[in-house]
4 protein chains.
Amino acid sequence: MIKVGIIGATGYAGAELARILINHPQVKIEAVVSVSNTGQQLDDIYPNLKEILPMTLEGVDEIIPRCDVVFASVPHGVSEEIAVKCKAAGTVLIDLGADFRLHNEADYNKWYGKEYKHPELHTEAVYCIPELHRDEIKDAPIIGNPGCYPTSISLALMPAIKAGIIETDHIIIDSKSGVTGAGRGLTQGTHYPDTNEAFAAYKAGAHRHTPEIEQTLTYLAGSPVKVTFVPHLLPVNRGIESTLYCRMTGKGASMSAEELHAVWCDAYKDEKFVRIEKLGSYANIKNVKMSNYCDISIHVDTHANTLIISSCIDNMVKGAAGQAIQNMNIRFGLEETMGLNMIPPAF
Amino acid sequence: MIKVGIIGATGYAGAELARILINHPQVKIEAVVSVSNTGQQLDDIYPNLKEILPMTLEGVDEIIPRCDVVFASVPHGVSEEIAVKCKAAGTVLIDLGADFRLHNEADYNKWYGKEYKHPELHTEAVYCIPELHRDEIKDAPIIGNPGCYPTSISLALMPAIKAGIIETDHIIIDSKSGVTGAGRGLTQGTHYPDTNEAFAAYKAGAHRHTPEIEQTLTYLAGSPVKVTFVPHLLPVNRGIESTLYCRMTGKGASMSAEELHAVWCDAYKDEKFVRIEKLGSYANIKNVKMSNYCDISIHVDTHANTLIISSCIDNMVKGAAGQAIQNMNIRFGLEETMGLNMIPPAF
Amino acid sequence: MIKVGIIGATGYAGAELARILINHPQVKIEAVVSVSNTGQQLDDIYPNLKEILPMTLEGVDEIIPRCDVVFASVPHGVSEEIAVKCKAAGTVLIDLGADFRLHNEADYNKWYGKEYKHPELHTEAVYCIPELHRDEIKDAPIIGNPGCYPTSISLALMPAIKAGIIETDHIIIDSKSGVTGAGRGLTQGTHYPDTNEAFAAYKAGAHRHTPEIEQTLTYLAGSPVKVTFVPHLLPVNRGIESTLYCRMTGKGASMSAEELHAVWCDAYKDEKFVRIEKLGSYANIKNVKMSNYCDISIHVDTHANTLIISSCIDNMVKGAAGQAIQNMNIRFGLEETMGLNMIPPAF
Amino acid sequence: MIKVGIIGATGYAGAELARILINHPQVKIEAVVSVSNTGQQLDDIYPNLKEILPMTLEGVDEIIPRCDVVFASVPHGVSEEIAVKCKAAGTVLIDLGADFRLHNEADYNKWYGKEYKHPELHTEAVYCIPELHRDEIKDAPIIGNPGCYPTSISLALMPAIKAGIIETDHIIIDSKSGVTGAGRGLTQGTHYPDTNEAFAAYKAGAHRHTPEIEQTLTYLAGSPVKVTFVPHLLPVNRGIESTLYCRMTGKGASMSAEELHAVWCDAYKDEKFVRIEKLGSYANIKNVKMSNYCDISIHVDTHANTLIISSCIDNMVKGAAGQAIQNMNIRFGLEETMGLNMIPPAF
């Protein structure tokens with residue numbers, strides 16, 4: 001059994017990690033950590049776990065040496081110190097925050113307003129969306145788990161970029177995220193009466209996931225990719241839908257809808273967690289909720305020569321905890337899908 | 001492996017049965033049935049099951065002989081014919097409808113407006129809330145799976161009735177159910193804009209679950225129990241909360257909140273799926289959602305000598321599909337909790 | 001024109017007062033007050049009011065002398081000092097908080113944990129649900145505006161109590177309130193992902209509105225009335241539904257549903273803001289939303305001799321701001337319905 | 001008083017027309033019509049109108065001669081016959097359906113699959129978004145009231161197109177609409193449990209509002225404009241948010257955010273119902289709900305040279321009934337804002 005520690009267990013991603021790992025056949029949840037709630041019971045804060053995971057929240061330092069792997073879901077700027085301790089203890093770190101996602105420190109400085117204190121750690125850390133980078137983390141001591149928006153977007157675009165059928169200097173991305181994406185912390189913007197029956201964009205062209213999206217797409221394209229990314233807050237608990245707009249180019253400009261559709265089907269034919277909708281069907285967040293699936297649908301606006309892709313994930317699962325467990329499975333040589341057999345409910 | 005057939009697989013309870021049974025380690029879903037959609041793919045109707053359960057919907061007759069057990073989730077009046085066929089084939093029937101719940105045909109006539117066509121079947125059928133009747137179904141050919149409201153209510157009241165601490169001639173039950181309780185069929189009252197941001201009672205004192213509730217409570221009390229039952233439609237997908245109001249009597253009249261609380265803790269101390277909240281905490285539908293748990297909290301209004309019980313279940317799981325699988329496990333000698341290890345999500 | 005000041009204008013009740021008063025033909029909103037946001041623009045905090053009410057938030061002291069009437073929607077314990085200043089300035093005070101609702105200081109001490117600092121003010125203050133006490137406030141310097149739950153409950157029960165047809169020693173009240181009832185302040189319990197798709201009771205038998213409810217019912221009955229009151233948090237923005245359970249007695253015990261229904265129709269036949277549903281129809285919060293109406297429906301459970309009443313209001317309008325304006329209209333000799341002609345939307 | 005008839009009064013747009021017109025100071029609602037519910041009471045179908053508008057539904061033919069103006073909210077293809085009757089009676093027709101929106105019959109044929117039976121009527125009919133075409137309807141016998149999406153989109157883009165600062169051959173429009181936009185008719189896709197906690201695109205690049213959008217934008221630009229339009233179904237009752245993505249060109253390419261913002265402020269400085277957000281603020285459907293406002297916010301993605309516009313309306317008011325009344329006011333020489341002073345609620 002792999003001994004797992006969850007740092008930031010009282011946050012939403014941490015709670016979701018706990019929920020999924022409880023049923024993982026090769027995992028023992030060794031410790032749950034919360035800096036601000038040390039000593040409390042996790043199941044007092046999350047009564048859904050009552051009688052299921054009756055564990056006491058501990059501090060960071062005492063748990064790292066006891067664990068084979070630690071998941072950290074903490075504010076950016078905090079993970080580096082955890083990484084130092086993990087390295088010292090020989091514990092693998094899977095970081096769900098932003099500290100180990102960007103390869104370029106200048107991007108981190110610009111978008112997160114912080115500097116690396118331990119630059120050497122970042123050369124060892126590997127960013128991994130499993131479907132795109134799984135071979136790179138086999139021995140990684142630190143895994144940078146992707147952001148929720150970048151996951152939904154990178155998976156949607158990979159086949160187009162690999163096939164070279166879209167213009168890559170101006171991709172439009174209109175994303176909508178459920179409110180759990182904003183975390184458990186209280187804000188006026190996530191107070192129920194201010195959120196319910198409401199809808200708006202936020203951080204248009206200025207969201208911190210932009211450099212991460214462009215980093216992955218540029219990696220896939222082999223040349224710079226530029227996107228305009230606008231997220232919106234959606235009055236549901238879970239789910240991200242991203243609608244992407246691309247101008248078709250090269251052989252893409254003359255491909256039929258059926259041929260385009262086949263590009264995605266082919267690209268993901270061996271992937272368990274990526275499902276391509278039939279032509280004419282639409283990806284919907286309700287069909288991936290509570291699961292590790294990413295559903296993608298392909299649409300063509302022939303009158304304006306535009307490819308439209310809709311991509312849906314559960315932001316807390318494929319966009320956070322589920323993908324982190326998928327990465328753990330790869331890193332520890334387990335079946336990649338182990339413990340991730342959650343079936344999305346129909347309603 | 002137990003070969004299972006699901007009749008009424010396109011209804012909400014049927015879809016939920018499929019979702020849960022997919023991960024049951026001792027079950028093979030042999031067939032899915034829909035009278036009105038025979039020949040279609042179940043995963044076209046429920047795209048959440050895409051690539052997970054790619055099965056074609058069949059007719060009733062061809063599947064019964066192939067199955068060890070059949071779950072039927074069909075309108076009342078339809079199950080009797082299915083039962084006849086199951087008997088002939090030696091297939092166990094677990095009926096999620098109302099046909100095999102009431103012991104008294106006169107009650108069935110009065111509340112459902114129909115007559116028994118095969119009265120002999122009803123003498124063999126056994127109604128079973130596992131925590132209350134599990135010993136009775138070990139050999140039953142037909143199991144009447146309880147209604148959602150009666151499950152939440154009977155589990156809440158059992159300890160009080162067994163202990164003889166409440167008046168049983170006038171129990172007030174105020175229940176609130178998520179919209180899946182009304183099924184997948186279209187009605188104006190479940191049209192999104194008519195349901196969202198709305199709330200009302202319905203069938204006050206006249207809901208068909210009333211005789212089923214009184215039947216179980218009378219069985220537990222050993223003397224007639226009378227309730228006033230008012231359901232309400234709650235604008236959420238899943239979950240039933242029932243708030244019950246009882247006058248305390250006998251030794252109950254002088255018991256402290258702590259003593260009363262202990263009665264419930266003690267009654268359910270060996271039950272995996274019933275959780276009693278700490279004194280001062282409240283059962284909440286969000287803590288049982290997507291799971292087979294029933295959470296119960298106990299409150300005392302000393303100034304009016306009233307015991308208040310709040311009971312929460314997921315109407316589609318403990319109130320329908322999950323409980324049916326629990327009954328199947330008992331009937332087939334499996335671990336009662338097998339395949340029912342779904343952890344309720346925190347959000 | 002009546003010059004109006006709103007103290008606590010950034011709270012939900014204050015914002016709703018502003019929204020309604022803007023269209024009141026005899027009112028000029030003279031000042032809006034917020035202790036914690038003085039100097040800010042109200043329409044920056046509530047962008048719905050942009051270009052409609054571009055007013056700067058002021059402090060309490062400077063505005064009272066400029067106003068004919070002041071509405072105060074502030075935490076309990078704060079209104080007394082406002083009342084002292086209003087008295088000095090000859091300004092009428094309509095208090096939407098709890099300070100001037102209870103006639104008995106001992107009740108206030110017990111339920112709110114505070115003492116009166118200016119007991120003499122309380123002898124002059126008048127509590128007023130217009131349909132029940134409108135004659136009492138014609139000259140009142142201070143009006144205690146009722147709580148939201150007590151309004152929905154008192155209006156529902158008045159006809160039964162006046163007619164002497166129900167037992168008054170044990171009335172069961174099961175209420176459900178939209179989330180605006182909890183105010184604009186941030187709490188974990190009203191954080192969107194914790195509230196959405198959730199439902200639970202709270203403060204069972206222990207809510208502060210209990211003594212206010214019993215005070216009004218006792219006043220109507222002329223003898224002590226005792227209730228068990230359990231509120232629940234409903235995942236909608238607005239609306240309270242209260243389901244009440246009464247044992248019928250006296251002539252009530254032999255009255256038909258039609259005769260009972262006629263009691264309510266008759267009691268409210270001259271009231272513009274109280275609507276009695278036809279027999280067989282149910283009050284629904286969606287039909288009173290955004291309006292000053294109270295809808296009431298009557299149901300009889302003959303098999304258990306129980307009268308069931310369902311009562312719906314918009315907690316922010318008839319339960320707070322609208323009723324306060326109704327009280328202002330009475331106090332200033334205007335048409336009682338003036339400025340309150342909001343039509344509830346169908347969706 | 002203007003005598004008004006509402007044809008299709010039991011649909012959502014019809015019900016909203018009734019709700020708003022009740023308080024219009026120069027209108028008398030003379031008749032309400034429903035083909036399928038003739039003889040019933042409107043307030044039985046919409047209990048929100050109980051005791052407020054107790055009118056009996058009539059048939060089409062008998063009411064037209066009694067009315068100065070008729071609003072028709074009926075399926076496409078039905079309005080032409082109503083128009084013939086209105087012409088004969090000298091009654092103005094304001095059509096909320098699609099029959100009189102498109103200038104080009106070929107577009108109507110292509111997108112709606114029908115032909116004009118009375119082509120001459122279409123030469124007299126005038127399409128009118130008041131802020132863009134108000135001078136054209138002063139004497140029009142038939143007014144084509146705009147679609148909800150086209151209203152939100154055309155108002156957002158007008159200043160950019162008039163100023164010639166964006167490329168007009170490839171505008172991306174990502175719209176999200178509340179469920180009332182789908183009407184009152186029952187469909188699986190608007191059944192509560194299928195819609196709640198769900199989100200998806202539909203009719204990507206293929207929605208019938210596309211030619212109407214391009215028609216208006218082309219009219220404003222004086223040369224062909226091409227758009228890619230993708231609507232999404234949003235789990236709220238009311239509201240449309242459209243996010244638009246434009247490449248900046250001409251002098252637009254070198255304008256600062258402040259200069260761009262000023263273009264919108266200037267274009268709408270005299271318009272009561274269009275509000276431009278401060279730079280840095282975002283339009284939100286909650287701030288326009290239940291009102292006739294259109295809120296627009298301007299954002300610039302400098303790194304990708306993209307202008308982002310967010311535009312919000314209430315689809316049932318500015319997107320349907322409110323705009324129709326605004327058109328009526330213009331047509332009958334009344335103050336354009338008369339009867340449309342609804343203040344959007346804060347929650």
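**Copies, Helix Contacts and Sheets in a Predicted Model**

Trainee: What percentage of the interface residues of chain C are also interface residues in chain D?
Mentor: This is a predicted model. Its chains C and D meet through the same surface.

Trainee: Which rotation superposes chain C on chain D?
Mentor: The superposition has an RMSD of 0.0 Å, and the shift along the axis is 0.0 Å. The two copies are thus related as by a two-fold rotation axis. The rotation is 180 degrees.

Trainee: What percentage of the interface residues of chain A are also interface residues in chain D?
Mentor: Chain A is superposed on chain D by a rotation of 180 degrees, with 0.0 Å of shift along the axis and an RMSD of 0.0 Å. Chains A and D meet through the same surface, because the interface residues of chain A that are also interface residues in chain D amount to 96%.

Trainee: Are helix 1 and helix 12 of chain D parallel or oblique to each other?
Mentor: The axes of helix 1 (residues 12-21) and helix 12 (residues 317-331) of chain D come within 9 Å and cross at roughly 50 degrees. An angle under 35 degrees would count as roughly parallel, and one of 65 to 115 degrees as roughly perpendicular. Helix 1 of chain D and helix 12 of chain D are therefore oblique.

Trainee: How many nonpolar residues has the contact of helix 1 of chain D with helix 12 of chain D?
Mentor: Helix 1 of chain D contributes D:Ala13, D:Glu16, D:Leu17, D:Ile20 and D:Leu21, and its partners in helix 12 of chain D include D:Val317, D:Gly322 and D:Ile325. By class, this contact of helix 1 with helix 12 of chain D has 1 charged, 1 polar and 9 nonpolar residues.

Trainee: Is the crossing of helix 1 and helix 12 of chain C left-handed or right-handed?
Mentor: In chain C, helix 1 (residues 12-21) and helix 12 (residues 317-331) pack with their axes 9 Å apart, at an angle of about 50 degrees. Helix 1 of chain C is thus oblique to helix 12 of chain C. Their crossing is right-handed.

Trainee: Which strands stand at the edges of the 7-strand open sheet of chain C?
Mentor: The strand order of this sheet in chain C is 9-10-8-11-14-13-12, with mixed pairing. Each edge strand has a single partner, so one side of each is left without a neighbour in the sheet. The edge strands of chain C are strand 9 (200-201) and strand 12 (274-276).

Trainee: Which residue of strand 14 of chain C is the bridge partner of C:Asp301?
Mentor: Strand 13 (residues 294-301) and strand 14 (residues 306-313) of chain C run antiparallel and are joined by 8 bridges. In strand 14 of chain C, C:Asp301 has as its bridge partner C:Thr306.

Trainee: Which residue of strand 3 of chain B is the bridge partner of B:Val32?
Mentor: Chain B has an open sheet of 7 strands in the order 3-2-1-4-5-7-6, with parallel pairing. Strand 3 (57-58) is one of its edge strands and pairs on one side only. Strand 2 (residues 27-33) of chain B pairs with strand 3 of chain B in the parallel sense over 2 bridges. The partner of B:Val32 in strand 3 of chain B is B:Leu57.

Terms used: Residues numbered from 1 in each chain as written. Chains lettered and ligands numbered in written order. Predicted model: local features only at pLDDT ≥ 70, side-chain atom pairs only at ≥ 80, totals over all residues. Heavy atoms only, no water. Least-squares fit on C-alpha atoms with pLDDT ≥ 70 in both. Contact = heavy atoms within 4.5 Å. Axes fitted to C-alpha atoms, helices over the stretch in contact; angles between N-to-C directions. Helix = DSSP H or I, 4+ residues; strand = E, 2+ residues; numbered from the N terminus. Parallel < 35°, antiparallel > 145°, perpendicular 65-115°, else oblique. Nonpolar A, V, L, I, M, F, W, Y, C, P; charged D, E, K, R; others polar. Left-handed = near helix turned anticlockwise from the far one by under 90°. Pairing = 2+ DSSP bridges.
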